[in-house]
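Hello,

Here is the structure I promised to pass on. Please open it and keep it beside this note while you read.

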Amino acid sequence: MLLMCLIFSILAAVGNNDVIKMENQMVDETIFSKIIRKEIPADVVYQDELVTAFKDINPRAPIHILIIPNKLIPTLNDLVDEDERAMGRMFTVAKKIAQDAGIAEDGYRLIVNCNVHGGQEVYHIHMHLVGGKPLGPMLVN
Ligand code: AMP
């Protein structure tokens with residue numbers, strides 16, 4: 001514990017903000033934190049005090065938007081009760097973006113991958129909003 005505090009103090013002292021402390025564990029920031037803070041370019045389509053939404057850099061459908069909490073939560077497994085507002089907001093923002101994009105009536109899919117078996121690549125919770133064409137079966141055997 002003492003060693004962890006020492007390491008964290010040193011990182012803070014040298015201005016390294018790529019590592020933050022969460023519930024007594026060190027958590028690596030991802031590129032998504034930089035997008036939230038507008039430190040790197042992204043096609044942001046929505047932002048409020050709880051969530052940010054931007055176009056996926058490698059779209060798998062005509063509409064492919066990522067909706068993320070502004071708070072760094074690595075995976076669904078790390079959720080705590082206080083995150084419920086942000087998680088709920090992600091759904092209402094998905095609905096709004098789908099309506100604005102004109103795909104609400106035809107339909108769309110929301111996907112949240114978790115950890116290795118879920119195919120998660122970026123460890124900052126994100127909801128994929130995909131649509132704009134028939135998406136086929138949910139899972140490929
Ligand atoms: P997942 O596999 O669920 O973790 O999805 C991660 C998604 O993030 C992928 O669809 C990537 O194309 C997307 N992605 C990674 N880096 C960026 C970025 N800089 N801007 C927008 N989307 C990104």
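Predicted model: local features only at pLDDT ≥ 70, side-chain atom pairs only at ≥ 80, totals over all residues.

Two strands count as paired if DSSP finds at least two bridges between them. Keep that in mind for the hairpin: β3 and β4 form one, with 3 residues between them. Their pairing is antiparallel and runs over 3 bridges.

β3 and β4 belong to an open sheet of 5 strands. The order is β3-β4-β5-β7-β6, with antiparallel pairing. β3 (44-47) and β6 (108-111) stand at the edges. Each has a single partner strand, so one side of each is left without a neighbour in the sheet. From one strand to the next, the twist averages 15°.

I111 has H128 as its bridge partner in β7.

The helix

Helix α3 covers residues 84-101. It lies across β3, β4 (51-55), β5 (63-69), β6 and β7. Relative to β5, helix α3 runs at about 155°.

The ligand

Which residues are around the ligand? They are I31, A42, F54, D56, I57, N58, L66, N113, G119, Q120, E121 and V122. By class, this shell has 6 nonpolar, 4 polar and 2 charged residues.

Over to you.

Best wishes

Definitions and conventions
Residues numbered from 1 in each chain as written. Helix = DSSP H or I, 4+ residues; strand = E, 2+ residues; numbered from the N terminus. Axes fitted to C-alpha atoms, helices over the stretch in contact; angles between N-to-C directions. Contact = placed C-beta atoms within 7 Å. Near = placed C-beta within 6 Å. Nonpolar A, V, L, I, M, F, W, Y, C, P; charged D, E, K, R; others polar.
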